[in-house]
Amino acid sequence: MSNNAVVISGTGIYVPPHTITNEELVAAFNAYVDLQNAENAAAIAAGTHPALTHSSVEFIEKASGIKQRYVIEKGGVLDPTRMYPRFQERPDDEISLMAEIAVVAAKDAMAQAGKTGADIDAVLCSSANMQRAYPAMAIEIQQAIGAGGYGFDMNVACSSATFAIEQAVNAVKSGSAKCVLVVNPEITSAHLEWKDRDCHFIFGDVCTAVIVERADTATSKDQWEVLGTKLVTQFSNNIRNNFGFMNRMEDSDPNGRDKTFRQEGRKVFKEVVPMAAAHIEAHLAALGKEPTAVRRYWLHQANLGMNQLVIKKLVGAESTVQAGSDVAPLILDEFANTASAGSIIAFHRHRADMQPGDVGVICSFGAGYSIGSVIAKKL
Ligand code: CO8
């Protein structure tokens, strides 16, 4: 191990209190469809308004592998007259919801790494959406855990966590920080379009946390040397969310369909799978490693079929991607797509059995397009 080695010394998670099963989700969605179709019955009969179509549990499980999702608030999502969560606006002197869940995940990771707030000198709050522009959630979290140094928010959609880990590793290597907390509070329920049959089943809420520090300060029993990180972006319109601070000035509809998540799912699937596999292969090759020498892949959790194909391209073992799988564990069935947190949940939940010297790859892929990989060795 080199003198300036950097390790991941702890991970943590916040799991929301409510689950929504596919059955519950589809029942609420279909009730919404029936209400809408009844309201528009005359126009539908006249052929001037399209009728909405029911969703199905069978489709969701076959197309995605998702069986349920966790959410912070359930009642609003399942109310067919509303179809989005109910959150209360908080006063400025109360901690924000994003920061609150991040602090829970952060404390979990800090306990694993044996760190207190005073040990942390950088906080990166990195996720697919931010609940406000400023002050940064990262700085709010920094204050809540009693950390020093600096904090900032960053957003690279589903690759927010891996991109933040690279920033953390570089900060530690350069000496600008000694011990970095990366948190990924993903309140996807607030920017998912629950009324759209094509995507209403895709996302779930969660928060993950990772501690990145110098190897010579780490005391955790479970340390992972970061052998390398590799990031890439390539512009695509296939996943978009146009919500933003310019909307008011543009006089655009604040409830317009383009102000929440939308995608060309098929195109994303086809284009991102080969990109992700080639990215991982090139990253491993740069470190002189073969894909078959990797003990475990903690992949982005968007779609079971995507992960099966990525693994097939890498190691030719398609059938091994499933819940509890050894080569590429799945957490998507339980959590759905949690944007940037997915690959980190897989790493958090599925590494206890690994041995010193084992190498694993964390890899995210998503909107942008953006792909990030972190290659780590168990010490
Ligand atoms: N119930 C029943 N039938 C349905 C449903 C439904 N809910 N939805 C679609 N169908 C029907 C369609 O109408 C279609 O019927 P027909 O063949 O008669 O036209 C048929 O099923 C097939 O439809 P699709 O082709 O759309 O279905 P796919 O097999 O492609 O599966 C998926 C759809 C699951 C979306 C799949 O394409 C997929 O997972 N793609 C990859 C998605 C992905 O990875 N996206 C990443 C985006 S996440 C990211 O980067 C972070 C963004 C920030 C987070 C935002 C949080 C809100």
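Helices (H or I, at least four residues) and strands (E, at least two) are DSSP runs, numbered from the N terminus. With that in hand, let's open the model. It is a predicted one, where local features need pLDDT of at least 70 and side-chain atom pairs count only at pLDDT 80 or more, while totals for chains, interfaces and linings use all residues. Residues are numbered from 1 along each chain as its sequence is written, and side-chain values use heavy atoms, with hydrogens and water left out.

Select residues 122-126, which are strand 4, and residues 150-154, which are strand 5. They pair in the parallel sense over five bridges; strands count as paired if DSSP finds at least two bridges between them. Click on Val123 and look across to strand 5: the bridge partner there is Gly151.

Most residues other than glycine have a negative phi, and most peptide bonds are trans. Stay in the loop between strand 4 and helix 6, where you'll find Pro135. Next, jump to Tyr369, in the loop between strand 12 (359-366) and strand 13 (370-378). Gly368 and Tyr369 are joined by a cis peptide bond too, with omega about -10°. Then pick Ala336, in the loop between helix 10 (332-335) and helix 11 (342-349); its phi is positive, near 65°.

Now look for polar contacts, here pairs of N or O atoms within 3.5 Å. Which atom of the ligand lies 2.8 Å from a polar side-chain atom of Asn303? It's an oxygen atom. On the backbone side, an N or O atom of Arg197 lies 2.9 Å from a ligand nitrogen, and one of Gly265 lies 3.1 Å from a ligand nitrogen.

Terms used:
Polar contact = N/O pair within 3.5 Å; in protein donor to acceptor, adjacent residues only side chain to side chain.
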